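Dear colleague,

Please find below the structure that I promised to hand over to you.

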Amino acid sequence: MTASPMTASPKTLADLRPVYVAGIGLHPYQRPSDTPYVRLGLTAVRAALSDAGLRWTDVESAWTGTTSLGMAVSRGMLRHLGATGIRMTQVENASASGSSAFRQACLKVACGLAEVSLALGVDKPLRGGPARTGVPDLVGRHGIPAAHFALLADAYAREHGATREQVAAVAVKNHRNGARNPFAQRRRERSLREVLDEPPIAGTLTRLQCCPIGEGAAAALVVSGDAVERLGLDASRCVRVAASVQRSERLDDTDAELTRVTAAEALDQAGIAPAGLDVVELHDAFAIEELEYAEALGLCGKGEAAALAAAGAFDIGGRCAVSPSGGLLAMGHPIGPTGVGQIAEITRQLRGEAGDRQHPGAAAGLAHMVGLGAVCAVHVLRRPV
Amino acid sequence: MSTTLHGAPFGTGPSGEPVLHGRRCLTCGHASFPRQPYGCEACGAAGPGDPLDLPAAGTVRAAATVHRHPDPRVAVPFTLVSVRLDGGPLVRGVHAGTAAAGDRVRARLEGEGDRTALRFESERR
């Protein structure tokens, strides 16, 4: 493969000064309610400050991943923490908005432009949708996301001989994990029978194999090594961000191919082989995606993920815990928060603070999101030493 | 000479058969669907390129029947297909019935005026 101008860029996160996740906080993901977004966001930020042992006045910049709330989301929310003059910016990148906000916070600190930066995701499913390009297609209103992924599921099943039961096993695992996550929107264990017996949404994908779109918030505080020392933070709870990569699709790229290229670059940046990953949070908006991305990340060979998932390889305690939070399928997909929520889960896992969701010996984790368009963001995190 | 239907990305060819309005890049020759005036996705050359009417026939790569749709105006169930057109591009469209990967399909136009819709139909298996 020839290097694109993107991969030939002179520096990566690994070349800059180290950055760490020092604090995480969430507002539970939930069905749309009357709760104002301000309440959702503040709950997550205050929890992250408390988790890190930081004061709001220590935070120099804020990146808010959000898609549906309208203009100037940050100011209306963050002013209630004290109007400190903090630099604030909204980040919109469809489903990857939170991941991109986190990336911005990491880059800001890594470059030395801030010592402490906040990545926040907050959303309520009010309005929005993709921008209208005026370029027509043949499907119009018929072309919903579930249909897109049902087509991928059909192609995957044919190519690799995967069964309905194997694909549904992903949902069973993720609902089991979500049932142990107090921040998850879906908190009920489901049997294979329950998942399969639901009426189909599209193709073979039943309701429980499609993520719920709700509301919520997630926050992560990114700090420099200097800040850890100067502010007296607990270094043993600070998780190193070892890689940050974001790309968009090339002509004829599928989401899986885009994932493969982006993840390979991130793993190379972090100096980790796929087999060295202990926990992975990925964009499992539809069950079939987890299989495609597990293969694209290199957790297993092409066509092997369905049988491995059904056999428990991606369970907590398996060869690599995939979606230990419950993933988008069970924790939920409030859009703006989702990518930051993945960082929160991986941080919890690498600190060894994930309680009854803890993957034993978790030392390295990867977060992956794709957003319409298509963009892909991958971050690699390492346990504190 | 082809006819375009109300800004739709399809119309009819010289013998009245459905065609898909694509484009061919004047710089790199890349054939794509749909026609658009902005520039080539393969090489970045600006402009609309040459109009290219693609025969609305190809082979189904994947099919999925949609049973639930958030918009109540859209009648369910319906089947979406990914079709590799004989002319090259991969397109997504609505199938008139149910389909399976490997089906040979051809499009027909349904309805009239600005309600004209393009639907793929499978040839006899």
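A nonpolar core, as the term is used here, is a set of buried Ala, Val, Leu, Ile, Met, Phe, Trp, Tyr and Cys residues joined through C-beta atoms within 7 Å. A residue is buried if 20 or more other C-beta atoms lie within 10 Å of its own, exposed if 12 or fewer, and partly exposed in between, with the C-beta atoms placed from the backbone.

Please keep in mind that this is a predicted model, in which local features need pLDDT of at least 70 and side-chain atom pairs count only at pLDDT 80 or more, while totals for chains, interfaces and linings use all residues. Residues are numbered from 1 along each chain as its sequence is written, and chains are lettered from A and ligands numbered from 1 in the order in which they are written.

The largest nonpolar core has 158 residues, and V21(A), A119(A), L120(A), A219(A), A220(A) and L221(A) are the members that touch the most others. Its largest share, 9 residues, comes from helix α4 (residues 145-160) of chain A; helices (H or I, at least four residues) and strands (E, at least two) are DSSP runs, numbered from the N terminus. If neighbours within four places in sequence are left aside, L221(A) is in contact with residues including A22(A), G23(A), L54(A) and L118(A), where contact means that the C-beta atoms of two residues, placed from the backbone, lie within 7 Å.

Chain A also holds an open sheet of 10 strands with mixed pairing, in the order β3-β2-β4-β7-β1-β8-β12-β11-β9-β10, and two strands count as paired if DSSP finds at least two bridges between them. Its edge strands, each of which pairs on one side only, are β3 (87-91) and β10 (321-322) of chain A. Within chain A, strands β1 (residues 19-30) and β7 (residues 215-224) run antiparallel and are joined by 9 bridges, with H27(A) opposite A217(A) in β7(A).

Turning to chain B, we find 0 helices and 10 strands. Buried residues make up 34% of its 125 residues, and its C-alpha atoms fill a box of roughly 40 × 35 × 30 Å, taken along the principal axes.

Strand β3 (residues 18-24) of chain B deserves a careful look, for 6 of its 7 residues are buried. Strand β2 (residues 10-12) of chain B runs antiparallel to β3(B) and is joined to it by 3 bridges, and F10(B) stands opposite L20(B). These two strands, β2(B) and β3(B), form a hairpin with 5 residues between them, and in the turn G16(B) has a positive phi of about 85 degrees.

Finally, how many residues does each chain give to the contact between them? Chain B gives 28 residues and chain A gives 21 residues. On the side of chain B that touches chain A, the elements that give two or more residues are β6 (57-66), β7 (78-85) and β8 (90-95) of chain B, with the largest share, 6 residues, coming from β6(B). By class, this side of chain B has 16 nonpolar, 7 polar and 5 charged residues, where Ala, Val, Leu, Ile, Met, Phe, Trp, Tyr, Cys and Pro count as nonpolar, Asp, Glu, Lys and Arg as charged, and the others, Gly among them, as polar.

With best wishes
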